[in-house]
Amino acid sequence: MIRLAIALFLIAAVPARAQVPIQEVTSPGGISAWLVEEHSIPFVALELRFRGGTSLDLPGKRGATNLMAGLLEEGAADMDSRAFAEAKEDLATSIDFDVYGDVLTVSAQFLTENMQPSIDLIRASLVEPTFDDVAVERVRGQVLSYINSRQTDPDEIAGDAMNAAAYGDHPYGSFDGGTVDSVAALTRDDIVTAWENAIARDRVYVSAVGDITPEQLGTVLDTILGDLREQGGAYPDPVPFGATPGISVVPFDTPQSVARFGQPGMKIDNPDFFAAYIVNTIMGGANFENRLFDEVREKRGLTYGIGTYLSDSDYSEVLGGSFSSQNGVMAEAVSVVQEEWAKMAADGITEQELADAKKYLTGAYPLRFDGNSNIANILTSMQMDGYPIDYPETRNEKVMAVTLEEANRVAAELFQPENLRFVVVGQPEGLEPTVN
């Protein structure tokens with residue numbers, strides 16, 4: 001895959017800022033997108049996202065949206081799955097379909113000279129999927145095989161148990177691929193309904209990066225999306241993180257236990273979100289020498305890795321994390337996490353920790369803009385999160401503006417040791433469950 005050089009989008013200032021010349025484009029048909037033109041390489045990355053994802057599954061039809069997404073490249077218009085794959089290969093075009101709890105994504109990369117036939121393929125997959133019986137049964141078999149395999153994976157078991165405890169009957173409360181029974185029972189009509197609910201113009205976000213003009217992008221947008229239905233299915237209601245505080249244990253025969261932990265989080269549009277983001281980075285942020293890594297791994301050797309995340313999904317917010325430990329030391333590891341959680345709430349962070357986190361976060365951010373596809377991904381995420389078009393240039397200023405007083409106020413409000421829930425899968429020694 002051809003990728004643009006990092007230098008196209010970076011400057012050497014400290015703190016660094018991402019220099020991404022984003023244009024907003026509106027097609028003749030009224031469809032909006034964000035564009036970064038870069039004509040030095042004859043290559044385009046196109047990212048389409050449809051809000052909703054597997055959360056749109058209807059009651060009793062869990063797994064329908066996931067199965068449908070797996071069929072989008074298994075036959076469209078007059079092409080069966082083999083013909084569709086051969087067309088992509090002949091064009092040297094990549095088209096990937098993925099679906100998650102909140103979004104269905106279409107990620108495409110193609111050479112400029114093959115733009116029109118590549119766009120025609122994408123359009124066919126979204127507007128004219130065939131969902132023929134042979135393809136449905138083949139992909140259904142793949143999904144069922146994966147469902148069976150994940151039932152023996154302690155990480156997946158822990159995630160499922162935490163989601164069930166937190167969200168119950170809401171779509172977030174169960175695996176979005178469905179169960180063996182629910183997937184086996186899905187009909188072609190269920191798949192068509194999932195397609196109608198998930199892929200529509202009222203929920204699409206688009207970004208393009210590379211060798212394409214605004215006028216060309218406008219034509220692309222109308223070609224791919226102009227014939228889609230105007231409205232998709234209803235979104236589910238918001239749901240709070242509702243897991244009962246405490247510790248639950250799921251017995252599983254393994255020498256190493258897996259732990260998930262979580263509590264209510266914060267929405268991304270909260271004015272305190274940047275302070276919360278910094279504080280979480282200090283507690284357990286990835287690729288940063290954080291407190292939990294230091295206390296749980298470096299000082300005590302209780303795990304190979306531990307991390308936390310601040311997640312704002314469309315319908316719920318979570319502050320959570322995960323790690324694994326040998327059965328004999330899992331109880332101690334859980335205790336250390338509880339202690340650090342309480343310490344953060346009570347004492348906050350230091351001036352040095354704040355400075356180190358700012359340096360890391362502002363230095364790492366521009367490095368994300370390292371190629372057409374990555375930039376297209378980021379721009380589409382920005383649109384879905386409601387960020388302004390100049391966000392790449394102003395983001396680091398928002399990080400640097402957080403004061404120690406603000407960070408510690410948010411730490412005291414955000415970290416709630418009294419609401420922290422642990423789910424441990426394995427045979428942890430000396431760890432007594434406090435909730436079912």
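**A guided look at a predicted model**

Visitor: Where does Lys 88 lie?

Guide: Lys 88 lies in helix α2, residues 81-91. Helices (H or I, at least four residues) and strands (E, at least two) are DSSP runs, numbered from the N terminus. This is a predicted model, in which local features need pLDDT of at least 70 and side-chain atom pairs count only at pLDDT 80 or more, while totals for chains, interfaces and linings use all residues. Residues are numbered from 1 along each chain as its sequence is written, and side-chain values use heavy atoms, leaving out hydrogens and water.

Visitor: Why is Lys 88 called buried?

Guide: Buried means under 20% relative accessible area, exposed over 50%, and partly exposed in between (1.4 Å probe, protein chains only). Lys 88 has a relative accessible area of 14%, so it counts as buried.

Visitor: What does Lys 88 touch?

Guide: Not counting residues up to four places away in sequence, Lys 88 touches Glu 73, Thr 93, Ile 95 and Leu 121. Contact here means heavy atoms within 4.5 Å.

Visitor: Let us turn to the sheets. What is the order of the strands in the open sheet of 6?

Guide: The order is β1-β2-β8-β3-β7-β6, with mixed pairing. Two strands pair if DSSP finds at least two bridges between them. Strands β1 (23-26) and β6 (94-99) are the edge strands, each pairing on one side only. From one strand to the next, the twist averages 20°.

Visitor: How many bridges join β3 to β7, and which way do these strands run?

Guide: There are 9 bridges between β3 and β7, and the two run antiparallel. One of the partners is Leu 104 in β7, which is bridged to Phe 50. β3 also pairs with β8 in the antiparallel sense, over 7 bridges, and there Leu 48 has Val 206 as its bridge partner. By contrast, β2 (residues 32-37) and β8 (residues 204-210) run parallel, joined by 4 bridges.

Visitor: What makes β3 a mostly covered strand?

Guide: In β3, 9 of its 9 residues are buried. Phe 43, Ala 45, Glu 47, Arg 49 and Arg 51 point one way, and Val 44, Leu 46, Leu 48 and Phe 50 point the other way. Helix α3 (residues 115-127) lies across β3 (43-51), β6 and β7 (103-111), running at about 160° to β7. Such angles run from 0 to 180 degrees between N-to-C directions, with axes fitted as lines to C-alpha atoms, for helices over the stretch in contact.

Visitor: Why is the pair of Tyr 365 and Tyr 391 given its name?

Guide: A pair of aromatic rings is described by the distance of the centres and the angle of the planes. Rings of Phe, Tyr and Trp (its six-membered ring) pair if their centres lie within 6.5 Å; planes under 30 degrees apart count as stacked, over 60 as edge-to-face and the rest as tilted. By this rule the count comes to 14 aromatic pairs. One of them joins Tyr 172 and Tyr 315, which is tilted, at 5.7 Å centre to centre and 45° between the planes. Tyr 172 lies in the loop between α5 (154-167) and α6 (180-185), and Tyr 315 in the loop between β11 (306-312) and β12 (317-326), so this pair ties together parts that are 143 residues apart in sequence. Tyr 172 and Tyr 315 are both buried. As for Tyr 365 and Tyr 391, their ring centres are 6.4 Å apart and their planes stand at 85°, so the pair is edge-to-face.

Visitor: Why do Tyr 365 and Tyr 391 count as buried?

Guide: Tyr 365 has 2% relative accessibility, so it counts as buried. Tyr 391 is buried too, with a relative accessible area of 7%.

Visitor: Which ring does Arg 150 lie over?

Guide: Arg 150 lies over the face of Phe 175, at 3.6 Å from the ring centre. A charge sits over a ring if NZ of Lys or CZ of Arg is within 6 Å of the ring centre and within 35 degrees of the ring normal. Arg 229 lies over the face of Trp 195, at 4.3 Å from the ring centre.
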